[in-house]
Amino acid sequence: MELRRENALDAYWRDGVLMIDEQVVCSTLENAQNCLPSGRYSVRLGHSEVFRRKVPILINKQNPTIKGCLGFGNGAYKLRDGTILVGVRDVSGLVIHSHKTFLQLYNRIAKALERGKDVEVVVSN
């Protein structure tokens, strides 16, 4: 997977797209001031207190103390440090159909992990 961020047009959020095999899977939204640094992240499933469920946890391969997660929500309400919201971009700074998109992506990641595949996200600006 690859997260391609778009140029920051706002000081508070950062739009992007999540791609698998060069195909756009969904739009993304991050806190522009505290988004994950560019790099390679391994993906594991773990419990999130914010989302009160299992979510894909991203762990930086070079520095495992840097972590984030993929989550759901339409904007500022769930836009936390290191969280990448997924959905369909409505306008810059807002994703819709986020929970549905999250569940589809979560199931895809969970199935890959169950089959013993390594799941990785490359974050680039």
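How many helices and strands are there in the protein? The structure described here is a predicted model, in which local features need pLDDT of at least 70 and side-chain atom pairs count only at pLDDT 80 or more, whereas totals for chains, interfaces and linings use all residues. Residues are numbered from 1 along each chain as its sequence is written, and side-chain values use heavy atoms, with hydrogens and water left out. The protein holds 1 helix and 9 strands, where helices (H or I, at least four residues) and strands (E, at least two) are DSSP runs numbered from the N terminus. Read from the N terminus, the order of the elements is β-β-β-β-β-β-β-β-α-β. The radius of gyration, taken over C-alpha atoms, is 13 Å, close to the 14 Å that the globule rule (2.2 Å times the number of residues to the power 0.38) gives for 125 residues, so the protein is as compact as a globular protein of that length. Along the principal axes, the C-alpha atoms fill a box of roughly 40 × 30 × 30 Å. Of the 125 residues, 44% are buried, a class defined by a relative accessible area under 20%, with exposed meaning over 50% and partly exposed in between (1.4 Å probe, protein chains only). Among contacts (heavy atoms within 4.5 Å) with a separation of 6 or more, 49% come from residues 24 or more positions apart.

The whole structure contains 3 aromatic pairs, a pair being rings of Phe, Tyr and Trp (its six-membered ring) whose centres lie within 6.5 Å, with planes under 30 degrees apart counted as stacked, over 60 as edge-to-face and the rest as tilted. One of these joins F51 and F72, whose ring centres are 4.9 Å apart and whose planes stand at 50°, so the pair is tilted. This pair links distant parts of the chain, since F51 lies in the loop between β4 (39-48) and β5 (53-60) and F72 in the loop between β6 (67-71) and β7 (83-91), 21 residues apart. Both F51 and F72 are buried, and together with F102 and Y106 they form one aromatic cluster. The charged end of R53 sits over the ring of Y106, 4.8 Å from its centre, by the criterion that NZ of Lys or CZ of Arg is within 6 Å of the ring centre and within 35 degrees of the ring normal.

Salt bridges, in which a side-chain nitrogen of Lys or Arg is within 4 Å of a carboxyl oxygen of Asp or Glu, number 7 in the structure. In the bridge between R4 and E22, the closest N and O atoms are 3.0 Å apart; the two residues, 18 residues apart, belong to distant parts of the chain, with R4 in strand β1 (residues 2-5) and E22 in the loop between β2 (13-20) and β3 (23-31). R4 is partly exposed, at a relative accessible area of 31%, whereas E22 is exposed, at 55%, and a network of salt bridges links E2, R4 and E22. A further bridge connects R89 and D15 at 3.8 Å, N to O, and joins strand β7 to strand β2 across 74 residues. Here R89 is partly exposed, with a relative accessible area of 27%, while D15 is buried, with 9%. K61 and E120 likewise meet in a salt bridge, at 2.6 Å from N to O, with K61 in the loop between β5 and β6 and E120 in strand β9 (residues 120-124), 59 residues apart; E120 is partly exposed, at 23% relative accessible area.
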